[in-house]
Amino acid sequence: MKNASPRWVAITAALTVSAVLFLLECVTIFVQRPAFPLLGLILIPILAGGLSFLVFYFLLEKFIYRKIKLIYKNIHALKSTKIVVDEKMDMSKDVISEVGQEVMQWAKERNREIDQLVKQADFRKEFLGNVSHELKTPIMSIQGYLEILLDNDTKDVYSNKMYLEKALRNVDRMILMIDDLVNISKLESGEIELQYTRFDICALTKEVYESLEIQADQRQILLDIKEDCDHPFMVYADLKRIREVLVNLISNAIKYGRETGSVHAGFYRMGDQVLIEIADNGIGIDKEDLNRVFERFYRIDKSRSRDMGGTGLGLSIVKHIVEAHGQTVHVRSTPGVGSTFGFTLSAAR
């Protein structure tokens, strides 16, 4: 009866009723010996069975089975964002079992959605708190410098200029932070259209090295290309955005690398993709922090990051740019040994 349709359930019920009446009639004939034994023995079970079939079929079909199948179809419709279906249904399936499975699956999906919404709510709260904190620091600095200037009765031009320059640096930091947030928002919403072109990622990395040479020299960090990687690797991507990725990764490697250490870039052809890796021999990242390094405003060493002028958005931008290319970014690290950030790009044909 597992895969029985309403018709077969009704037939089974009707046969059962007929069989029971037939047995009762046999007993009655044996005991009472009526004048017309065949009438009760044959006609009554047939009529009762037919009536039972009609009643059972009507009840199952109209009030139970079709309603359950309608629920089943509507679950499918809601899952696939279709309009609610009508009552024209295929009766050949085991709908009741399928309804149970679909309801269980639907419940699991709803629970996952609720968990995701809770996580998103927590993320928004944390994000708003981080934004408030990050903006509050430069605003308070600007306010302090302006108050000093207003309260300063002296005509010391040098001191006044120094306070104004410090206030201006904090304004620049706020502008940079806001620009980064706008860029992330545009990348997430797909507003930024990538301009794909064919270029040499090795040559682009060398250009970024040259632009960050002064920053590296201040910490006596060597910037180089790994052995067997110093030759053209042609990729197909948005050159401007990938340059931004390299600037963020290499700048971080310089900031968190060991003084008198080194930063290595490596390139590896992997089928129709090219893997780009930026490695340093710096402080490394603890295991519990690895899954969060690409979050907005997440800093491993908060005080040091602020001293070096970081907004805490660089790696988040890296992640969004790489994913906008349909590629992936990853990190592996050992505390005290160093970190390696890698991402893939489509190889140019």
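Author: Thr260 counts as exposed because its relative accessibility is 56%, and the cut-off for exposed is over 50%. In this predicted model, Thr260 sits in the loop that links helix 7 (239–256) to strand 4. Its phi is positive, near 65°, although Thr260 is not a glycine. Most residues other than glycine have a negative phi. Asp228 is another such case, with a positive phi of about 70° in a residue that is not a glycine. Asp228 lies in the loop between strand 2 and strand 3 (234–238). With 65% relative accessibility, Asp228 also counts as exposed.

Five strands form an open sheet in the order 2-4-5-7-6, and the pairing is mixed. Strand 2 and strand 6 (329–334) are at the edges; each has a single partner strand, so one side of each has no neighbour in the sheet. From one strand to the next, the twist averages 15°.

Strand 2 (residues 222–225) runs parallel to strand 4 (residues 262–270), and four bridges join the two. In this pairing, Leu222 is opposite Ser262 of strand 4. In a regular strand the side chains alternate between the two faces of the sheet.

Arg269 is exposed, because its relative accessible area is 53%, which is over the 50% cut-off. Leaving aside residues up to four places away in sequence, Arg269 touches Phe233, Val274 and Ala347. Of these contacts, Ala347 is 78 residues from Arg269 along the chain, yet their C-alpha atoms are separated by 7.8 Å. The side chain of Arg269 also has a polar atom 2.8 Å from the backbone oxygen of Gly271.

Helix 5 (residues 201–211) lies across strand 2, strand 4, strand 5 and strand 7 (338–346). Relative to strand 4, helix 5 runs at about 165°.

How values were computed:
Residues are numbered from 1 along each chain as its sequence is written. This is a predicted model: local features need pLDDT of at least 70, side-chain atom pairs count only at pLDDT 80 or more; totals for chains, interfaces and linings use all residues. Side-chain values use heavy atoms; hydrogens and water are left out. Buried means under 20% relative accessible area, exposed over 50%, partly exposed in between (1.4 Å probe, protein chains only). Two strands pair if DSSP finds at least two bridges between them. Contact means heavy atoms within 4.5 Å. A polar contact is a pair of N or O atoms within 3.5 Å; within protein, one must be able to donate a hydrogen and the other to accept it, and residues adjacent in sequence count only if both atoms are side-chain atoms. Axes are lines fitted to C-alpha atoms, for helices over the stretch in contact, and angles run from 0 to 180 degrees between N-to-C directions.
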